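Good morning, and thank you for coming.

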Amino acid sequence: MAASTADADSCSAGPMHTPADPNKAARSRRIAELKVQLRSLLPEVLAQTDFASEASLNATIGGWAKNLIDLHHDVFHSSEQYAARYMQNLKEGIVSSGPNAKIYRRNYDRFRVSPAAQRYFTLFLHRSFLNHFDELSKTRPHLDDSEVWIGQNNSNYGLLITPRWNEATGAWENDRSEIRHFRPLYWTIGHILTTGLVVDHDPDPIRFASVDAYLAFFKNTLVRASGSPHEQAIAQRYVTFVRASSNPLNVPLLIPEIRYGGRAAQHKYRLDFCIVDPLTMKKVGYELSPWSTHGYLSKIGGLSGAEINAMAKDNFEREMARHKDFFKARDIYALIYTDRDLADPDKIFDDMRARLTPVDPTAPIDFALVDNFFTTPF
């Protein structure tokens, strides 16, 4: 994240500005104001310190960020929060015995000699946050959860965030440095239209030209392969829901047949459906468990009651082990629907519907409201 030009920031690219979006326009005005303040401070900073240029000054502040901020996992909702985390980690780095401690201390002392440089330092951090607000304020999946593998043993597909084909390994992987720059909401219809699906050891991704193209593949390929009429009933309701949405790209994916073992050819379990909240990354699984496939005991003729009970216990233990393992290893809490529930698929989908219209628990900063609070009539 080191700066490469005089205006360089702690991240490599500035935000995309959409004139029609008043919130982004207001944020851009704030960034421009901070730039003016930084430029006005610059002559005094250079006169009072040994920094040779604006570029070297910016590079010093911005260059620390990649070590002081966890760009994969940290989420910030204000520039004050971003600056505070940066400073706290810098303080800990200075007093530590780490490899960067001496560099941190030397540069820290360069800022201490100049009140103007200290003000510049703080303003630069505020501008860095605003320049990359969309990336830094968005909850991102943990690196361990940045890919999902779905489907049957011989018909499995991968959904990654920033997929790239690794020629050396002959496998798909995420470009981890770009995960936070990913524009669509994670694990939504917009996500899959951007990335497509991948097949292990095949360099050609499966692309979808439209929402309808993906929904057809979802219903007729991904779900139909399970052979479950209950899953197909839910899939049809999901298709109808997405098509009726005013913003289908932001609808969370109803992920079918999520594999416990990931891309491994053989794995122990699959979960019928899963929804990942794109705003919080919380995961909820949905397991459709009719007695005919999850509990029914066959060939019990001649067996004693104790033997039948032992078979039933084994079935129950295996079923519960699956749900516990998914929760412990994948942090997926699964709701289980039995025959009584399956008689009313509308009711099941009503449970899913609440997860398909996520609400951000942290209200985003309305820059336009703040800037125009006393000039806009209510």
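Is the crossing of H9 and H13 left-handed or right-handed? The crossing of these two helices is right-handed; a crossing counts as left-handed if the near helix is turned anticlockwise from the far one by less than a right angle, and as right-handed if clockwise.

Some conventions before I continue. This is a predicted model, in which local features need pLDDT of at least 70 and side-chain atom pairs count only at pLDDT 80 or more, whereas totals for chains, interfaces and linings use all residues. Residues are numbered from 1 along each chain as its sequence is written, and side-chain values use heavy atoms, with hydrogens and water left out. Helices (H or I, at least four residues) and strands (E, at least two) are DSSP runs, numbered from the N terminus.

Helix H9 (residues 229–244) packs against helix H13 (residues 345–355) at an angle of about 50°, and their axes lie 10 Å apart. Axes here are lines fitted to C-alpha atoms, for helices over the stretch in contact, and angles run from 0 to 180 degrees between N-to-C directions. H9 and H13 are therefore oblique to each other: angles under 35 degrees count as roughly parallel, over 145 as roughly antiparallel, 65 to 115 as roughly perpendicular and the rest as oblique. Contact means heavy atoms within 4.5 Å. On the H9 side the contact includes Ala-233, Ile-234 and Phe-241, and on the H13 side it includes Ile-348, Phe-349 and Met-352. By class, this contact has eight nonpolar, no polar and three charged residues, where Ala, Val, Leu, Ile, Met, Phe, Trp, Tyr, Cys and Pro count as nonpolar, Asp, Glu, Lys and Arg as charged, and the others, Gly among them, as polar.

I turn now to H5. Helix H2 (residues 54–68) and helix H5 (residues 115–131) pack at about 65°, with axes 11 Å apart, and H2 passes H5 in a right-handed crossing. Among the contacting residues are Leu-57, Ile-61 and Trp-64 of H2, together with Phe-121 and Phe-124 of H5. Helix H3 (residues 79–95) meets H5 at about 125°, with an axis separation of 8 Å, and H3 and H5 are therefore oblique.

A cavity is a set of points on a 1 Å grid over the protein atoms alone where a 1.4 Å probe fits but cannot get out. There are three cavities of 30 Å³ or more. The lining of the largest cavity comprises 10 nonpolar residues, no polar and no charged, including Val-148, Tyr-214 and Pro-256; lining residues have an atom within 4 Å of a point.

Technical notes
1 Å grid on protein atoms, 1.4 Å probe; cavity = no way out; pocket = protein on both sides within 12 Å on 5 of 7 lines; lining within 4 Å. Points joined across faces, edges and corners; volume = space filled by probe spheres on them.
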